[in-house]
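These are my notebook entries on one structure. I record below what I looked up.

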Amino acid sequence: MPQQPESSTPEPQADNPTTAQNKSTIAGLTDRLAGGWQLATNKAMEILPVDRAAQTVGKWFSVDETQVAEILATVRAQLPTTEALLIGKPQAGKSSIVRGLTGVSAEIVGQGFRPHTQSTARYNYPSSELPLLVFTDTVGLGDVDRDTNSLIQELIGDLETETTRPRIIILTVKINDFAIDTLRQIASELRQKYPQIPCLLAVTCLHEIYPTTQTDHPEEPTSIESVDRAYTAIQQAFIGLFDRAVLIDFTLAEDGYTPEFYGLEAMRTALADLLPEAQSRAMSQLLEAGTATQDAEGNQIGNIYRDVARRYILPCAIAAGTVAAIPLPFADLPVLTAIQVSMVGLLGKLYGQTLTPSQAGGVVSAIAGGFVAQLVARQLIKFIPGFGSIISASWAAAYTVALGEGACVYFGDLMGGKKPDPQQIQAVMAEAFSNAKQQFNQTGGNSPSSRERSDER
């Protein structure tokens with residue numbers, strides 16, 4: 001049960017009889033709900049034996065490809081997606097920011113960007129079908145042959161496009177780069193035209209001005225005089241053009257600095273302050289829950305593939321939890337199916353298997369049978385108003401994680417030339433489901449918050 005919100009008024013020194021009775025009633029209700037949840041799960045297991053459930057799930061995941069496309073289009077409109085406009089020179093750390101916020105490798109980030117306009121490229125994470133983060137990168141900024149005014153007009157034209165997604169500008173400046181006239185001109189024009197779009201000033205590559213005696217990142221970056229002096233000067237140069245400023249240094253493992261994503265926590269805090277609540281919550285889950293299934297092992301899968309796959313499983317799980325908050329029992333099944341089929345298709349591509357939605361649905365049907373009774377039990381709990389939807393959201397997210405982990409075992413076996421082992425798949429899914437359910441419960445699941453930010457942009 002969610003914790004009762006704390007009152008802003010002082011509590012009495014001792015409970016009066018009425019208060020004590022209310023507490024006893026609430027405790028009794030909690031016990032009955034927990035017992036009812038267990039009873040519902042047991043009944044579902046009795047009503048739908050695993051063998052029959054496996055046959056039933058095959059029908060659920062046989063989704064028409066046209067319908068999948070239509071559902072995903074609807075889901076995209078409901079996702080807490082953030083559009084981030086990265087403005088900075090080449091080698092200023094823009095791709096590293098994408099790596100830090102998504103967790104994927106530099107190679108995948110580089111391959112993910114696609115031309116958007118003449119002067120920009122765009123990357124949808126985890127995919128164009130289910131984007132939680134949309135990065136737009138300015139290309140060639142600072143080139144002597146590039147007309148600054150035309151770039152500004154391209155950016156303005158792009159920002160004038162109607163969208164319900166919140167946007168944020170991430171102004172990226174290397175700490176030792178003071179040739180910033182063009183960058184300041186662009187920031188000034190965009191600030192004047194779109195003052196409502198928040199701007200985060202990210203000052204990068206701190207290690208490039210560390211003293212020679214500094215062999216690793218300090219606890220506090222401004223404790224180094226050269227960093228503090230340069231950071232102050234850059235903030236003064238862009239005064240009035242940004243809402244928050246952070247010092248970050250996102251390096252590669254071979255650079256030898258720890259942590260690799262230095263300043264990521266400060267950046268996440270700044271983004272949380274600047275973004276609406278739903279987007280801020282999704283961002284936090286991407287950064288905090290990325291290791292929710294680290295203990296789910298499959299001997300047939302290489303760690304590299306599994307770690308990369310989880311960077312796609314997690315955002316799909318967040319999307320599933322978001323749509324699972326619909327309070328009507330069974331109404332979300334087609335939507336969840338479309339999300340999970342899309343995820344399995346994406347994972348298949350990672351493992352070298354190109355699948356149509358129908359083929360991906362067949363894979364889901366083949367590996368998901370053992371969890372059907374639990375899936376039905378999750379739907380039944382929705383009959384409890386309010387409480388049911390919260391449980392449903394966390395279960396949908398955890399189930400999507402488990403399905404993704406099972407798909408990794410399945411595709412890993414195929415890639416290794418082996419026949420997939422159903423028992424191994426079920427074992428991995430069971431452990432992943434348990435770990436992910438606990439993780440999503442701790443982070444508040446993906447159910448809508450009971451409060452809305454009053455200053456939501």
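Where does asparagine 176 lie? I found asparagine 176 in the loop between strand E5 (167-174) and H7; helices (H or I, at least four residues) and strands (E, at least two) are DSSP runs, numbered from the N terminus.

I noted that this is a predicted model, in which local features need pLDDT of at least 70 and side-chain atom pairs count only at pLDDT 80 or more, while totals for chains, interfaces and linings use all residues. Residues are numbered from 1 along each chain as its sequence is written, and side-chain values use heavy atoms, with hydrogens and water left out.

I looked up the exposure of asparagine 176: it counts as partly exposed because its relative accessibility is 35% (buried means under 20% relative accessible area, exposed over 50%, partly exposed in between, with a 1.4 Å probe and protein chains only). Not counting residues up to four places away in sequence, asparagine 176 touches Glu208 and Ile209 (contact means heavy atoms within 4.5 Å).

I then turned to the nonpolar cores, which are sets of buried Ala, Val, Leu, Ile, Met, Phe, Trp, Tyr and Cys residues joined through side-chain atoms within 4.5 Å. The largest has 81 residues, and Phe135 is among those with the most contacts inside it. Helix H15 (residues 387-415) gives the most to this core, with 12 residues. The core lies between domain 1 (81-262) and domain 2 (299-443), because both give residues to it; the domain bounds come from an automatic or database domain assignment. I also recorded a second, separate core of 35 residues, which includes Leu151 and Tyr231.
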